[in-house]
Amino acid sequence: MTRDLSMPPTTSKTRQAYVPGTIELWAERARKCSTGIRQFFDCVAVTSILKLLVVFSMLSSGFAGETCRSTQYLQLGSTGVVNCAFEGDFAAIAWFNSTSIVDDPLTTIRDDGKSGVGFEEFDIAENGSLIILNVSLQHDHTFCVVTIVTPRGAQNKYCVDVETVVFPEQRKPLIADFRNCSEGVCFAQYFEDSIIRCYVENARPAVNLTWAVRSGSTDQIVSHQSSRVPSSLHGAFSSYVTLTNPFMHSNTLALAVCESNSQPNVMNQDESLLLLQNMASDLPPVAPVLLYAVVMSTIVLNCPKREKNLLVWNLKRRGSQRMDMVAYAMFSENITVSPSKEIYTLNPDGSLVIPDISVGNRGTYICLAGDGKHEEARSYDVHVYAPAFPEVEGCGPRGYCVLLDEEHDRLTCVMRGVIEGVRLGFTPLSPQEASIAFLEQVVEIRDAGDFVDVSVTATYHASGSGVSAFQCGVIGEHKDLFSHTAVFSLHVEPVINTTTSEAQNGNDIGMTAFIVVVAVLAIGQVLVISFCIGVLIRCRGRDTSPKEAHSRAYII
């Protein structure tokens, strides 16, 4: 990486107006002036011209000196040019490896070509600038150049302090171990044991680093003791500084700035920004706004930006105390960052847009807005649901149910894939539907992944026969989300009680059998008595006359 830290060489057209020997010629004329009046005025003119030439020569020398700036920076490991672009006619230009010009010059350029003892390491440009073929640490010293104006020996000497530099690969100071960096600013959650460092690696000269906290347009330094260590790159250094006490003015949000300073400036950008959220501090008290969103819809969550410069959106998911950053902004720097742009979009006014919302986006969203001293918060409890419809079990596609029992039975209604908290219930379509009464409604909830299945089973009593219209639907706080209901009719038909008829038939059969048995017994008894009487009559007839026999028979 090669960068030119030197300014473009300043040339002096004045140098071309200086004619070798002019001052010496007019000085000789001044010494020969006589005391005559005319000669007096001639001498005054000669003296004035001499003074002007001296001042002109001094100015021209000064302008020429500006073409060789006293300090120039060259990058280690590259070809460097010590810019001293001389214009005009010169007999020779010679470069020396020190302030002494007694030794042999490194390089010399004349009309007849180049020469010198250092051509394996140095070269000289056509305009007189010194070229160092491979800059190293041994070139970190003073070089001098002598311009020989005329062959008679008039010359000027200029010296340049060369300082070697190493440009780091990084464009600006970096903040260690942070990946949430975008648009020139990083974000971090700050805990009590957090250690945050800013560093610059492989730079020469060593870079001074400081941490400051920015509030509005004011930076207040909080850490300035940067450490420097030699790096693995020969001649270069690494610097780092640790952040301390960033929340000196605010409780929750702070903008920390890592600033670099070096001479010369070897960084393309001299600062890095870090937006911090203090996780050890309580959030400003705020009651969450309850919000329901249908799957694949788009919602917009507003934040009280007002005059606040800093803003952070966090998401706390169900059943977790962890907060994840989803977007942040620094409006004074015109920076808005949404790390997951396909999921979240941050508007210029600080509002958060969630397009095509899904179940994975549900949770509590918390917006923090601050100016470095004061903060405000807003919270949304976002629920995501899909459209669902209740179904009555046992009913046909037209919602017509036939009940075989005229007094007691059960009915079940189910709604699948709904959010937690949804409740179902049976209600009559008309208050006059009094022939059927629901005695008990039992709700059952079953987990179904991201949603739940809800059912209600009701026991009812029918006081008469006929047709009654009812509906099953969501009741309670979620009624407005699920407006669809399952409408059905209950047809109660009278049915013969077969148990009672069978009992009655059994009783009749028993009574008939009893009567038959009694009759049989009675007839048998009559026959036995008659037989006994007949036998007795025969026996008595042998001993008596027919007249007595007729008389006994009558008595009986």
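Predicted model: local features only at pLDDT ≥ 70, side-chain atom pairs only at ≥ 80, totals over all residues.
Helices (H or I, at least four residues) and strands (E, at least two) are taken here as DSSP runs, numbered from the N terminus. Residues are numbered from 1 along each chain as its sequence is written, and side-chain values use heavy atoms, with hydrogens and water left out.

**The whole chain**

Colour next by burial, where buried means under 20% relative accessible area, exposed over 50%, and partly exposed in between (1.4 Å probe, protein chains only). Of the 556 residues, 38% are buried. The accessible surface (Shrake-Rupley method, 1.4 Å probe) is about 31,800 Å², and carbon and sulfur atoms hold 53% of this area. Among contacts (heavy atoms within 4.5 Å) with a separation of 6 or more, 65% are between residues 24 or more positions apart.

**The nonpolar cores**

Select V392, V418, F426, F482 and F488. These residues have the most contacts inside the largest nonpolar core, a set of 30 residues; such a core joins buried Ala, Val, Leu, Ile, Met, Phe, Trp, Tyr and Cys residues through side-chain atoms within 4.5 Å. Elements giving two or more residues to this core include strand 31 (408–418), strand 33 (436–448) and strand 36 (486–492). Strand 34 contributes the most, with seven residues.

Then move to V165, I175, A203 and A254, which belong to a second, separate core of 26 residues.

**The aromatic pairs**

Rings of Phe, Tyr and Trp (its six-membered ring) pair if their centres lie within 6.5 Å; planes under 30 degrees apart count as stacked, over 60 as edge-to-face and the rest as tilted. The protein has 10 aromatic pairs by this rule.

Select F122 and F143, an edge-to-face pair at 6.1 Å centre to centre with 65° between the planes. F122 is in strand 6 (residues 122–124) and F143 in strand 8 (residues 142–148), so the pair ties together parts 21 residues apart in sequence. Both residues, F122 and F143, are buried.

Finish with F86, F90 and Y158, a cluster linked by ring pairs.
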